[in-house]
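Please look over the structure shown here before reading my comments. They are meant to be read with the model open.

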Amino acid sequence: MAYLDFAAYTALGGTLTEAAFNNIAPRAAGHITRLTHGRVVDETPVRDYVSELMFTLIGYLSDTDAIARSGYKSFSNGAVSATYATTQEQRAQISAYAMDYLCDEVTADDYETPLLYAGVIV
């Protein structure tokens, strides 16, 4: 599911090339689908908060990719220190972004289930 296309991405101020966007967008969309348990996959039109989350995740993942290519999470020059991000830290940050954007969003059905709810619906 494309929660945000390249034209909308650039309209929001995105600076990636179309090739870079097309490389990162499926991963960002996959995180949204996973975190919402597929509840927004078939929604048309896409909710504004979902598109905004997608925009944020694309920025985060592109920054994370750049850091990963360099091998550093952070780097300082005085006394030279470097820190590496773990996959758990990256997923925690992605989940935090999802909470920021989607914590009050519910499904459009009669149950009004929170989009991020991971429990059992009866």
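1. Overall layout. This is a predicted model. The protein chain has 4 helices and 2 strands. Along the sequence they run α-α-α-β-β-α. Of its 122 residues, 30% count as buried. The chain exposes about 7,500 Å², and carbon and sulfur atoms supply 55% of that area.

2. Contacts along the chain. Take the contacts with a separation of 6 or more: residues 24 or more positions apart account for 65% of them. Thr 64 and Gln 90 give a distance to check in the viewer. They are 26 residues apart in sequence, and their C-alpha atoms are 8.2 Å apart. Thr 64 sits in helix α3. Its relative accessible area is 12%, so Thr 64 is buried.

3. The core. The largest nonpolar core has 23 residues. Tyr 3, Ile 32, Met 54 and Ile 58 have the most contacts inside this core. The elements giving two or more residues to it are α2 (18-35), α3 (48-70) and α4 (87-102). Start with Met 54. Leaving out residues up to four places away in sequence, Met 54 touches Tyr 3, Leu 4, Ala 25, Ala 28, Ala 29 and Ile 32.

4. Helix α2. Which residues of α2 are buried? They are Phe 21, Ile 24, Ala 25, Ala 28, Ala 29, His 31, Ile 32 and Leu 35. The helix bends by about 30° at Ile 24, and Pro 26 follows within four residues. What of the span? Just after α2, His 37 takes a positive phi of about 55°.

5. Salt bridges. The whole structure holds 2 salt bridges. Arg 47 meets Glu 43 at 2.6 Å, N to O. Arg 47 also meets Glu 105, at 2.9 Å, N to O. Arg 47 lies in the loop between α2 and α3 and Glu 105 in the segment after α4, so this pair ties together parts 58 residues apart in sequence.

6. Arg 47 has 16%, so Arg 47 is buried. Glu 43, at 18%, counts as buried. Glu 105, at 16%, counts as buried too.

Technical notes
Residues numbered from 1 in each chain as written. Predicted model: local features only at pLDDT ≥ 70, side-chain atom pairs only at ≥ 80, totals over all residues. Heavy atoms only, no water. Core = buried A, V, L, I, M, F, W, Y, C linked by side-chain atoms within 4.5 Å. Buried < 20%, exposed > 50% of the residue type's maximum accessible area, 1.4 Å probe, protein only. Contact = heavy atoms within 4.5 Å. Bend = angle between axes of the 7 residues up to and from the residue. Areas by Shrake-Rupley, 256 points an atom, 1.4 Å probe, with all protein chains shown as cover. Salt bridge = Lys/Arg side-chain N within 4 Å of Asp/Glu carboxyl O.
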